[in-house]
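Please look over the structure below with the following points in mind. They are meant for someone who has not seen it before.

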Amino acid sequence: MIKKESHVFQSEVKQLLNLMIHSLYSNKEIFLRELISNSSDAIDKLKFYYLTNNSNNIIDHHYIRISIKDNILKISDTGIGMTKKEIIDNLGTIAKSGTKEFLKRISDKNKNLIQNDFIGQFGVGFYSSFMVSDKVIVHTRSVKELDGEKSLLWTSKGKGKYTIENKFKNNIGTDIYLYIKDSSKEFLNNDRIKNIVKKYSNHINVSIENKFFDEKKKKFIWIKINQSEALWLKNKSDITKKEYINFYLSLTNNLGNPLIWSHNKVEGKNEYISILYIPDVSPWNIWNRDEYKNGIKLYVNRIFIMDGIKKIIPFYLRFIQGIVDTNCLSLNISREMLQDNDLINKLYISLSNRILKLLEQLSLDKNKYNIFWKIFGNILKEGLAEDEKNIYKISLLLRFNSTYLNNHESYVSLEDYVNRMQVGQDKIFYIITDNYLSSLNSPHLEFYRNKNIEVLLMFDKIDEWMMTYLVDFKGIKFQSISKKYDGDNNIITLNKDNNISILNQEKYLNLINRIKNVLKDKVKDVKITDKLDNFPVVLSTDANEMSTQMLKLLSVSGKEFPKIKYLFEINVHHLLIKYIDNIKDEDVFSKWINFLYYQALLIESNSLENSVEFINLTNNLLLNMMIKKI
Ligand code: ADP
């Protein structure tokens with residue numbers, strides 16, 4: 001027997017509870033969604049436990065019951081319950097490392113600002129009950145506990161401590177008692193409760209019941225307040241849009257609407273039904289590659305088996321939410337077996353195709369697709385590496401900023417680009433930099449802009465890596481405009497009014513040699529370019545040289561990589577170059593060339609290793625000019 005034991009919460013839980021207790025979050029009703037979702041999971045776990053443990057003690061009527069007495073809201077379930085270790089681990093600590101890290105980042109200063117988002121987005125589960133309660137009691141009996149006397153009573157006011165003691169409980173499951181705060185009395189009303197359940201939990205696969213006083217019978221009865229049906233078994237034509245959306249809400253605990261969905265029944269050897277949704281918000285931990293699980297729940301004949309099975313859909317489609325129900329799997333298949341199962345492998349292919357089709361359908365609605373692209377575009381890009389077979393389909397779904405639109409919020413597709421290509425243009429041109437403005441204002445663009453040749457603007461971290469997989473589109477090769485390439489001159493002569501080949505290279509030989517002398521080891525070569533207008537110089541990379549962004553990407557690993565040797569290209573029509581060409585003093589000449597070199601390097605890589613040297617050089621040149629003027 002446990003005498004009343006006192007425990008302290010792990011420090012992250014304390015922090016979380018503190019946030020909950022002082023929460024200004026207006027949508028407090030979600031606490032009920034969270035508790036119902038826990039109860040429903042607990043019931044699923046019990047059903048699964050019976051299946052895999054050959055138990056003969058099976059309960060077949062499962063329910064979640066909600067009742068109100070005085071200022072106490074009680075939520076009971078017939079789920080798996082918790083042992084002492086489980087209750088300490090589950091309700092005293094936080095296992096999710098993402099949440100821990102997030103909490104660490106919350107400083108007192110911006111606590112109020114962040115917490116509202118935090119609660120809405122993160123779905124912080126059980127602890128959200130402290131938003132509406134002064135005290136919470138959890139009375140639970142685990143399926144593993146044969147002696148009802150050893151059931152557990154967990155009590156806390158959410159202020160750093162909780163107690164555990166034994167208290168008899170007749171049946172397996174969990175009762176949660178919320179001592180509702182004065183400021184949250186609205187939740188002590190059956191109609192309010194009914195509405196919340198309908199809103200978030202209507203299609204949960206278990207009966208949710210509410211206690212009502214029957215005036216005729218003069219007694220309390222339990223009334224089912226949700227539909228608790230497997231929506232996917234109904235005919236598509238019998239399901240309303242609202243029902244699909246509500247099902248999505250109960251499935252995902254999201255608050256927004258899905259962007260699009262598909263409901264399909266596949267017959268034949270591998271029968272299954274699926275409902276797949278594309279959400280309009282991103283799960284908060286979707287970038288945590290180790291912890292994040294995809295949103296597909298697997299059912300076998302309406303019985304929930306497991307969610308987030310790794311190989312059921314590709315990782316780059318992990319934003320999809322939905323269910324798959326099949327009768328082609330044995331109910332008591334083990335979790336390990338699911339990871340390498342023939343049907344799961346088939347589902348992987350068929351669900352991938354279905355989801356890519358769904359995205360294609362979504363792309364017809366530009367506004368909605370833009371929302372999708374902003375949230376999940378960078379995840380979809382991973383598919384180019386992960387799903388070689390579908391590269392073409394994925395590339396049709398890619399969107400880019402482009403010089404054609406000059407607008408950060410609007411995107412073009414590769415098909416749009418190809419349809420607008422100039423006569424004789426045989427490449428898809430792009431530039432990768434650190435951010436939108438750097439790419440839009442890059443000196444490399446001047447030539448292409450003058451010739452009305454569209455350039456795709458890329459600046460996401462993943463882009464450089466993506467372009468190593470995206471070699472061509474419909475047979476047309478991609479080409480970075482900051483790199484030298486075959487036919488570099490063709491495109492110039494193609495549209496050029498004053499052909500570069502007639503430029504008198506000899507005339508500038510002396511200038512080129514003087515510059516080479518100054519920049520010696522710093523650059524690979526010095527060349528005249530006819531691609532610049534407003535800029536005096538630009539740095540580009542040779543075809544086989546690593547690009548600036550790739551070097552940045554690789555350097556994150558902490559390894560040392562050799563510095564890039566750029567081509568230093570000069571615009572001999574630019575006044576600055578003309579002026580510098582006339583400087584006879586080699587020392588002053590060298591200062592100006594270095595000054596231009598650092599400028600070009602700053603534009604190319606958005607930072608300088610030795611920015612102080614650049615500033616000193618600039619000031620020195622300015623000062624000299626001023627003194628001369630005076
Ligand atoms: P999450 O549900 O996201 O895991 P919670 O804080 O809501 O986070 O719950 C933590 C854990 O406590 C659950 O994963 C579950 O193991 C356990 N738990 C919560 N409520 C119940 C319940 N009614 N019955 C059994 N276990 C529960």
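1. L622, L623, M626 and I627 make up a nonpolar surface patch with about 400 Å² of accessible area together. Patch members have over 30% relative accessible area and no salt bridge, with nonpolar side chains (Val, Leu, Ile, Met, Phe, Trp, Tyr) joined within 5 Å. A salt bridge here is a Lys or Arg side-chain nitrogen within 4 Å of an Asp or Glu carboxyl oxygen. Areas are Shrake-Rupley values with a 1.4 Å probe. M626 belongs to helix α22 (residues 611-629) and is partly exposed at 48% relative accessibility.

2. The model is predicted; local features need pLDDT of at least 70 and side-chain atom pairs 80 or more, while totals for chains, interfaces and linings use all residues. Residues are numbered from 1 along each chain as its sequence is written, and side-chain values use heavy atoms, without hydrogens or water.

3. Most residues other than glycine have a negative phi. D70, not a glycine, has a positive phi of about 50°. D70 sits in the loop between β2 (63-69) and β3 (72-77) and is exposed, at 67% relative accessible area. Exposed means over 50%, buried under 20%, and partly exposed in between.

4. K218 also has a positive phi, near 55°. K218 is in the loop joining β8 (207-214) and β9 (219-224), and is exposed at 56%.

5. The axes of helices α6 (residues 190-201) and α7 (residues 241-252) come within 7 Å and cross at roughly 90°, so the two are roughly perpendicular (65 to 115 degrees). In contact (heavy atoms within 4.5 Å), K199, Y200 and S201 of α6 meet N246, L249 and S250 of α7.

How values were computed: Helices (H or I, at least four residues) and strands (E, at least two) are DSSP runs, numbered from the N terminus. Buried means under 20% relative accessible area, exposed over 50%, partly exposed in between (1.4 Å probe, protein chains only). Patches are made of residues with over 30% relative accessible area and no salt bridge: like charges are joined within 9 Å, nonpolar side chains (Val, Leu, Ile, Met, Phe, Trp, Tyr) within 5 Å. Axes are lines fitted to C-alpha atoms, for helices over the stretch in contact, and angles run from 0 to 180 degrees between N-to-C directions. Angles under 35 degrees count as roughly parallel, over 145 as roughly antiparallel, 65 to 115 as roughly perpendicular and the rest as oblique.
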